[in-house]
Structure formats: structure tokens, C-alpha cells
Amino acid sequence: MGNLQSCWKAQENHNNNTSSGETNERSVDNRTRWFKSKSKNARSSWNGKVQLPKPWKAEPPFGPLTETELKRMREEFWDTRVEGRQEMWQALKAAAETNDETLRNEIVKAAGLTPANERGTLESCYDELGNYYEVPVYCLRDPDNLVRLEDNNDDDEKE
């Protein structure tokens with residue numbers, strides 16, 4: 001369950017335990033108003049272009065990572081997404097895996113996703129229904145200290 005939904009659930013439980021049904025209706029209105037203000041602010045600050053996250057380095061216990069380890073981590077992340085809508089996860093994965101900036105922007109726009117951070121990265125975003133999605137930086141960008149394994153076949157061919 002996303003952070004936003006957890007907050008709403010906690011607020012609803014609090015309202016159920018402390019006041020009447022009238023307050024519950026008011027909390028739903030407040031929740032809707034809060035989401036609209038957040039999504040409006042996110043949309044107004046986002047210029048419509050998806051940015052890559054800032055460069056990063058894999059630190060212990062993960063790093064430095066090999067290409068194989070990074071690929072395995074990414075596959076595990078994408079294969080275990082169950083919250084939110086599946087088609088949004090598919091769009092996020094497609095956008096994360098492309099190197100074409102124009103295609104990435106079109107995928108995000110077509111899916112109706114809006115980055116939830118000022119930089120406009122896909123690390124956190126909302127869909128049109130208000131579902132919140134978080135994607136770790138290792139799925140969006142290779143670390144600066146990635147260990148690239150040399151292919152020994154290339155050396156054999158050169159000789």
C-alpha cells in the first residue's frame with residue numbers, strides 16, 4: 001500500500017475512533033482537496049520532460065555492483081510489484097528501460113503518470129487515479145561505480 005493510502009487509512013481509523021460519521025465525510029473531502037492540491041502542484045512544477053535521477057554510487061552492502069547483480073535486482077523489483085495498477089508498472093518499466101528521451105516522455109504522458117518530485121524523475125509519481133508509485137534509483141540509472149565485466153571473446157577475436 002502506498003504512503004498516501006497509509007496516511008488516509010490512519011486518518012480514517014482515527015476519525016472512526018474519535019468522532020461521528022459527519023467527520024468522516026469531512027475527512028474524505030479534506031483528503032480529496034489535499035490530493036488535488038498536491039497533484040496540481042506537481043503538475044504545475046513539472047515541465048513534461050522526464051529527467052534521469054542524479055548520478056549515484058552503489059554503497060555497501062550492495063556496491064559496487066556488477067552488471068549481472070544490477071540486472072538481477074531490477075528484474076526482482078519489476079517482478080514483485082503488486083500495489084497500484086499493473087499497466088502503470090508496465091509503463092514505468094518501459095520508460096525506465098528506454099534510452100530514448102522522447103520515447104520515455106511519450107510513454108509517461110500516454111500512461112497519465114505525473115512525477116511527484118520537483119526534478120521530474122520517475123523515482124516517485126502518481127497516476128490519474130491518485131495511486132502512488134515509487135521506483136528505486138537502481139532501476140532508473142546505472143550507478144557510477146558499476147563494475148562492467150570484460151567479455152573475453154572480444155580479446156580472442158582481436159588476436
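Visitor: Where does Phe77 lie?
Guide: Phe77 lies in helix α3, which spans residues 67-79. A helix here is a DSSP run of H or I with at least four residues, a strand is a run of E with at least two, and both are numbered from the N terminus. The model is predicted, so local features need pLDDT of at least 70 and side-chain atom pairs count only at pLDDT 80 or more, while totals for chains, interfaces and linings use all residues. Residues are numbered from 1 along each chain as its sequence is written, and side-chain values use heavy atoms, with hydrogens and water left out.

Visitor: Why is Phe77 called buried?
Guide: Buried means under 20% relative accessible area, exposed means over 50%, and partly exposed is in between (1.4 Å probe, protein chains only). Phe77 has a relative accessible area of 8%, so Phe77 is buried.

Visitor: Why does Lys71 count as exposed?
Guide: Lys71 also lies in helix α3, but its relative accessibility is 54%, so Lys71 counts as exposed. As for the chain, buried residues make up 35% of its 159 residues.

Visitor: Which residues is Phe77 in contact with, leaving aside its neighbours within four places in sequence?
Guide: Contact means heavy atoms within 4.5 Å. On that basis Phe77 is in contact with Trp89, Glu134, Val135, Pro136, Tyr138 and Cys139. The C-alpha atoms of Phe77 and Cys139 are 8.1 Å apart, although the two residues are 62 positions apart in sequence. Lys71 and Cys139 are 68 residues apart in sequence, with 8.8 Å between their C-alpha atoms. Among contacts in the chain with a separation of 6 or more, 63% join residues 24 or more positions apart.

Visitor: What makes up the largest nonpolar core?
Guide: A nonpolar core is a set of buried Ala, Val, Leu, Ile, Met, Phe, Trp, Tyr and Cys residues joined through side-chain atoms within 4.5 Å. The largest one has 20 residues, and Trp78, Leu92, Leu113 and Val135 touch the most other members. Helices α3, α4, α5 (101-111) and α6 each give two or more residues to this core, and α4 gives the most, with 6. A second, separate core of 6 residues includes Trp56, Leu70, Met73 and Leu146.

Visitor: What does Leu92 touch, not counting residues up to four places away in sequence?
Guide: Leu92 touches Trp78, Leu113, Leu122, Cys125, Tyr133 and Val135. In soluble globular proteins, nonpolar side chains tend to be buried together.

Visitor: What is the order of the strands in the sheet?
Guide: The 3 strands form an open, antiparallel sheet in the order β1-β2-β3. β1 (114-115) and β3 (132-134) each have a single partner strand, so they stand at the edges, and one side of each has no neighbour in the sheet.

Visitor: How do you know that β1 and β2 pair?
Guide: Two strands pair if DSSP finds at least two bridges between them. β1 and β2 (residues 124-126) have 2 bridges, in the antiparallel sense. Thr114 has Tyr126 as its bridge partner in β2.

Visitor: Why is Tyr126 called buried?
Guide: Its relative accessible area is 12%, which is under the 20% limit, so Tyr126 is buried. Tyr126 and Leu113 are 13 residues apart in sequence and 5.6 Å apart in space, C-alpha to C-alpha.

Visitor: What volume does the largest pocket have?
Guide: Its volume is about 370 Å³. The closest to its centre of the 21 lining residues are Arg74, Ala96, Glu97, Cys139 and Leu140. A pocket is an open set of points on a 1 Å grid over the protein atoms alone, where a 1.4 Å probe fits, with protein on both sides within 12 Å along at least five of seven lines; lining residues have an atom within 4 Å of a point. Points are joined across faces, edges and corners, and the volume is the space filled by probe spheres set on them.

Visitor: Which helix gives the most to this lining?
Guide: Helix α3 does, with 5 residues. α3, α4 (86-97) and α6 (137-140) each supply at least two.
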